[in-house]
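Hi,

Here's the structure I promised to pass on. Have a look at it first, and then read my notes below.

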Amino acid sequence: MGWAIALHGGAGDIPLSLPPERRQPREEALRHCLQIGVEALKAKLPPLDVVERVVRELENIPQFNAGKGSVLTSKGTVEMEASIMDGTTMNCGAVSGLTTVVNAVSLARLVMEKTPHIYLAFDGAEEFARQQGVETLDSTHFITAENIERLKQAIEANRVQIDYTQPIQNDTKKETAIGNGDSQIGTVGCVAVDGNGNLASATSTGGLVNKMVGRIGDTPVIGAGTYADARCAVSATGKGEAIIRGTVARDVAALMEFKGLSLEEAATCVVHERTPKGTVGLVAVSAKGEVTMPFNTTGMFRACATEDGYSEISIWPAPKFE
Amino acid sequence: MGAWAIAVHGGAGVDPNLPPLRQEQAKQLLTRCLNLGISALRSNASAVDVVELVVRELETDPLFNSGRGSALTEKGTVEMEASIMDGSKRRCGAVSGLTTVKNPISLARLVMDKSPHSYLAFNGAEEFARQQGVEVVENEYFITPENVGMLKLAKEANTILFDYRIPTGGYDSCGVGAESPLQMNGLPISVYAPETVGCVVVDKEGRCAAATSTGGLMNKMSGRIGDSPLIGAGTYACGVCGVSCTGEGEAIIRGTLAREVAAVMEYKGLPLQQAVDFVIKQRLDEGKAGLIAVSNTGEVAYGFNCNAMFRGCATEDGFMEVGIWD
């Protein structure tokens, strides 16, 4: 046993030919966020604080699809959502439809701690944000040139993208491929466990490029994009609709609980056997301090570290050692 | 070819002092809805069509907390939500924050069938409703005098308490007197009874479906989303079962209740009733909730850990039961 942490910046069809000028800032960002998380764990902060802190950092980085840098709706606006879960108490919080809140994950935490509810959305959530005095900025703050361009391409192609993906295989009528190889960003998330087996998970996103206004994905849905209990903490990324119907995050925990699978077995099963190829990736840690980061897409921006000194920052399947 | 089965509910957690007339009305409504569903099943309607049909009926009737008759937000308005899931391919649709859509469950179905997404909410959902041409009415249509009265009581009850987060360790009310009233969501059940509605069906082809609809928690913050539109929490259907839950929304969400029934059937090999019992017993901690479920083999089951649940169920072999209390 010992602490462990894993975080992601999105799974998708990240091309192996990703140019260095697009790859390096993201790797650097992952390294930076990992360090923040590791230091927090070493300082014995509760995992709930750790995941919030790391996801806040990821939200602030414009290269990832959360907070600043969120992808745009069909109307060119930003609608952000997030959720957080404390595995020890099973308390959770979620928000959707945020347009001015700088750190959605922190508002989700406030919903959990300061209201009798779990989930607040749209105007009601924005109102709550003001009552709580959290940092808000005009929604133009979150919009980047990159995302304006992404939206333009998606509209021209008349498609809804998972902001980056050429689906490897797609059998639903709803999602169609974008052939522009733009696969550089995604949802963000973090899971952590301390030396006492306390677990927490948090996920945050701007959603899908060109999504309908009001569309909610898996990220704020407890059990789909985020889950934590006494056994494990999971944060998922990928095609929201597939993650919802597969209740992905909960499924990892359920396999551990009901079939006695290990963290790695459970996560591998969910990602490679129970969800269509090209739709999902996740990071997960167990109460015992194990880590796993499976994905069935071309790549997933990810990083992890464990107390025994292991650490990893990777994009594609073959891990790169520090 | 298998046999069909259907179950409906009008909420778990019932005021023990509910007037007999109201109890009678509830049973009549549940019976009527069951018969509506049975009729459709006999005409070979698919499970997903039947659950939508039945929940529409429940939404239209002002008795329970959905559609017309929905609980009110703290602002005295109505914000409705619903979800539907078709077990055969695990397709799903959900909506939240509806203020003018006469039948939320039908909009949820349209999200599933006619949009590239699974869940639409608030302004975006309302806009989609207009694009789809569904029936819309003024928000006032959904508000009943009874609920206006309830909201007032809720605000009064609320002023007694400063923070009623439901802790997993149980809730201590701040001493309203020697006898503590039955509570849901930490407050008197006479005001906070959920009365969410739902329907689960397995058709002759063995396809399962589930649908849930609600106005949510009385006196909720505007923008609050509960378990009903969350796939895996309030609603779930897959190849082996269809489930619809009701009760304390926050407890159902953290327990991913609807999904759990399917998970224990699949991963522990439990049959339907045992799965339902297991979930109600093990996944709720201090939370109060109930659920109805059907299996792909034509069984029907329900369970609840509170004092009562408005429910009805029927199977093709002629079994039919409508009930409220334990």
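Predicted model: local features only at pLDDT ≥ 70, side-chain atom pairs only at ≥ 80, totals over all residues.

First, a definition: two strands pair if DSSP finds at least two bridges between them. Helices (H or I, at least four residues) and strands (E, at least two) are themselves DSSP runs, numbered from the N terminus.

Residues are numbered from 1 along each chain as its sequence is written, chains are lettered from A and ligands numbered from 1 in the order in which they are written, and side-chain values use heavy atoms, with hydrogens and water left out.

Now to a pair of strands in chain B. Strand 12 (residues 289-295) and strand 13 of chain B run antiparallel to each other, paired over 5 bridges. Across the pairing, B:Val294 faces B:Val300 in strand 13. The two strands of chain B make a hairpin with 4 residues between them, and B:Gly298 in the turn has a positive phi of about 90 degrees. Why is strand 13 (residues 300-304) of chain B largely enclosed by the rest of the structure? Because 4 of its 5 residues are buried, where buried means under 20% relative accessible area, exposed over 50% and partly exposed in between (1.4 Å probe, protein chains only).

Next, the sites from UniProt. Its positions are given in the numbering used here, feature names are shortened, and annotations may be inferred rather than shown by experiment. An unreviewed UniProt entry puts "active site" at B:Thr196. You'll find B:Thr196 in the loop between helix 6 (189-192) and strand 7 (197-202) of chain B, and B:Thr196 is buried at 7% relative accessible area. Beyond its neighbours within four places in sequence, its contacts (heavy atoms within 4.5 Å) include B:His9, B:Asn65 and B:Thr246.

B:Thr246 belongs to strand 11 (residues 241-247) of chain B and is buried, with a relative accessible area of 0%. Its side chain comes to 3.0 Å from the backbone nitrogen of B:Ala12. That is a polar contact: a pair of N or O atoms within 3.5 Å, where within protein one must be able to donate a hydrogen and the other to accept it, and residues adjacent in sequence count only if both atoms are side-chain atoms.

Over in chain A, UniProt (unreviewed entry) lists A:Thr187 for "active site". A:Thr187 sits in the loop between helix 5 (145-156) and strand 5 (188-193) of chain A. Is A:Thr187 buried or exposed? Buried, with a relative accessible area of 9%. Leaving out neighbours within four places in sequence, A:Thr187 contacts residues including A:His8, A:Asn65 and A:Thr237. A:Thr237 also turns up in the unreviewed UniProt listing for "binding site", with A:Gly217 and A:Asp218 among the others.

Last, the rings. There are 6 aromatic pairs over all chains; Phe, Tyr and Trp (its six-membered ring) pair if ring centres lie within 6.5 Å, with planes under 30 degrees apart counting as stacked, over 60 as edge-to-face and the rest as tilted. One of them is A:Phe258 with B:Phe278, edge-to-face at 5.9 Å centre to centre and 70 degrees between the planes. A:Phe258 is in helix 7 (residues 248-259) of chain A and B:Phe278 in helix 9 (residues 272-282) of chain B, so this pair joins two chains.

Cheers
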